[in-house]
Amino acid sequence: MKIEVRKAIKQDMPAVLKLINELAKFENEPDAVEITVKDLENDGFGDQPLFECFVAEADGKIEGMALFYYRYSTWKGKTVHLEDLVVSEAFRGKGVGGALYTEVIAYAKKQGCKRTEWVVLDWNTNAVEFYKNSGATVFDEWRTVQMDEAAMASFCAKTR
């Protein structure tokens, strides 16, 4: 099987959304995805793209993607945040994820980033071990914090 990793183009977004939905199902949140192909096209390929994406083709079909964007660390400077790396279920364990991972890390290094960071679910032990074995540090003491639309509205209503 030949794996080719390349920069995503606008026409790849239906396949990217399909993989995002597959990830949501894998993470036991099958109804959580709200974005559309149009959102991905507008947000990733407009005048000021909000993200970049690599896709992995196996035998000519997109079977994986890595979506990332720049962040800025007050301690380190320019960093890359890997939002999601997804491989279709049928192609997991066949090198597709590793090829995408390698491409993102190499890209961040080439761009002069001081680090690449991402979040991994603690129950995804295969991913945790893969990352540890690659030399990444998986922090136990950091907690992800989020505020959804309803929480933001409630907060603003109380504070404004």
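Reader: Which residue of E5 is the bridge partner of Val80?

Author: In E5, Val80 has Thr116 as its bridge partner. This is a predicted model, in which local features need pLDDT of at least 70, side-chain atom pairs count only at pLDDT 80 or more, and totals for chains, interfaces and linings use all residues. Residues are numbered from 1 along each chain as its sequence is written, and side-chain values use heavy atoms, with hydrogens and water left out.

Reader: What makes E4 and strand E5 a pair?

Author: Two strands pair if DSSP finds at least two bridges between them. E4 and E5 (residues 115–117) have three bridges, in the parallel sense, so they meet that definition. Strands are DSSP runs of E with at least two residues, helices are runs of H or I with at least four, and both are numbered from the N terminus.

Reader: Why is the β-α-β crossover from E4 to E5 called right-handed?

Author: The term applies if, with the strands pointing away from the viewer, the path from the first strand over the helix to the second runs clockwise. The chain passes from E4 through helix H3 (residues 96–110) to E5, and this crossover is right-handed; the path therefore runs clockwise in that view.

Reader: What is the sense of pairing between strand E3 and strand E4?

Author: Strand E3 (residues 61–73) and strand E4 (residues 77–87) pair in the antiparallel sense over ten bridges. Phe68 has Leu82 of E4 as its bridge partner, and Met65 stands opposite Val86.

Reader: What makes strand E1 and E5 the edge strands?

Author: Strand E1 (3–7) and E5 each pair on one side only. The open sheet has five strands in the order E1-E2-E3-E4-E5, with mixed pairing.
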